[in-house]
Amino acid sequence: MTVFGQLVIGPPGSGKSTYCRAMAYHLRENVKRKVVVVNLDPANETPPYEADVNVNKLVDVEEVMERLSLGPNGSILFCMEFIEDNLEQLKDLMMEGNAYVLFDCPGQVELYTHHNSFRNIVSKFSKWGIQLCVVSLVDSHYCTDPAKFISVLLTSLSSMLHLELPHINVLSKVDIIDKMGQLAFKLNYYTDVLDLSYLVDELDDKVHSKRFIKLNSAISSLVEDYHLVSFYPLNVQDVECLHRLCKAIDKANGYVYGELEERTISGLTDSQSGVDLEYDYDRTLKYTE
């Protein structure tokens, strides 16, 4: 039977572990799903949730740093390669009871943009029948700086192309974005990734060199040419926000069409024929106070 889940990625401080805690609670308590939370970050020794599977029991990043004289990033890369070679030891725990799986992943961006180890791990998950959607979190404070947001767009696009999985990009911490600085445009400009030339125009030529502005303009054009990147806003304390994100993720990883939601062949046929097959998610969702 197919197992569905989420690969939660993003740079350090983007709120991955907090998201996993909130999403696991939401799925268990409000949606009534059985959930397995996997801490796939060997550097995260004390996650803010009870990990059902923890890679720290397989490899210790501090021990790797000490024995191999590696720095933090080098030790993480070594640990991920070690996990890749020994992933079978975690298979039964991850797929126990065909539960929905949340993977809390490391914060090293190079794992998702050009290093092969994590992609190989994802490939093994696919061979085991785990159907995944990548949930890529980015701190919304990057929206306050045009150059930083443009770099975030390039990183998000690189991850999408490298991992070759359905992606849901998320702007986290939107509930406190007003405290981080003034936005040049409304939030929907950033979530929908509208005409980026306006964002390039916001770069101050008194602060940035002409070459820097030209580089950002070229990156913006590249992102727009692919037309793949957009974002969902996220406030983990807002149940409705988690509800909307759940619907998008379940459509992306195929859960909405699976046996777990008792979808019928006729319903799938209607969807393929052009009839809008709306996920009956609201029927199963019971909010708690």
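Predicted model: local features only at pLDDT ≥ 70, side-chain atom pairs only at ≥ 80, totals over all residues.
1. Seven strands make up an open sheet, and read across it their order is β3-β2-β4-β1-β5-β6-β7, with parallel pairing. The edges are taken by β3 and β7 (232-233), each of which has a single partner strand, so one side of each is left without a neighbour in the sheet.

2. Strand β1. This strand covers residues 3-9, and 7 of its 7 residues are buried. In a regular strand the side chains alternate between the two faces of the sheet. Here V3, G5, L7 and I9 lie on one side of β1 while F4, Q6 and V8 lie on the other, and both faces are covered, with all of these residues buried.

3. The partners of β1. On one pairing, β1 and β5 run in the parallel sense over 7 bridges; within β5, L132 is the bridge partner of G5, and S136 stands opposite I9. On the other pairing, β1 and β4 are again joined in the parallel sense, over 4 bridges; here G5 has V101 of β4 as its bridge partner, and V8 stands opposite D104.

4. Strand β4. Residues 100-104 form this strand, and 5 of its 5 residues are buried. Y100, L102 and D104 point one way from β4, whereas V101 and F103 point the other way, and the burial extends to all of them.

5. N54 belongs to strand β3, which comprises residues 53-54. Which state, buried or exposed, does N54 have? With a relative accessible area of 17%, N54 is buried, because the cut-off for that class is under 20%. Its side chain makes a polar contact of 2.9 Å with the side chain of N56. N54 and D41 are 13 residues apart along the chain, and their C-alpha atoms are separated by 8.2 Å.

6. Helix α1. The 15 residues of this helix (residues 16-30) should span 21 Å at 1.5 Å a residue, and the end C-alpha atoms are 20 Å apart, which agrees. The buried residues in α1 include K16, Y19, C20, M23, H26, L27 and N30. An α-helix has 3.6 residues a turn, so residues three or four places apart point the same way. Just after α1, K32 takes a positive phi of about 65°.

7. The largest pocket. The volume of the largest pocket is about 180 Å³. Its lining counts 15 residues, of which G10, P11, V109, V138 and T155 are the closest to the centre. Both β5 (130-139) and α7 (146-163) supply at least two residues of this lining, and the largest share, 6 residues, comes from α7. Sorted by class, the lining has 8 nonpolar, 6 polar and 1 charged residues.

8. S151 in α7. Helix α7 also contains S151, which is partly exposed, with a relative accessible area of 36%. Although S151 and S220 are 69 residues apart in sequence, their C-alpha atoms are 9.0 Å apart in space.

9. Two loop residues with positive phi. S69, in the loop between α2 (61-68) and α3 (72-85), has a positive phi near 55° without being a glycine, and S69 is exposed at a relative accessible area of 66%. E164, in the loop between α7 and β6 (167-172), likewise has a positive phi, of about 55°, although E164 is not a glycine. At 62% relative accessibility, E164 also counts as exposed.

Technical notes
Residues numbered from 1 in each chain as written. Heavy atoms only, no water. Buried < 20%, exposed > 50% of the residue type's maximum accessible area, 1.4 Å probe, protein only. Polar contact = N/O pair within 3.5 Å; in protein donor to acceptor, adjacent residues only side chain to side chain. Expected span 1.5 Å × (residues − 1). 1 Å grid on protein atoms, 1.4 Å probe; cavity = no way out; pocket = protein on both sides within 12 Å on 5 of 7 lines; lining within 4 Å. Points joined across faces, edges and corners; volume = space filled by probe spheres on them. Nonpolar A, V, L, I, M, F, W, Y, C, P; charged D, E, K, R; others polar. Pairing = 2+ DSSP bridges.
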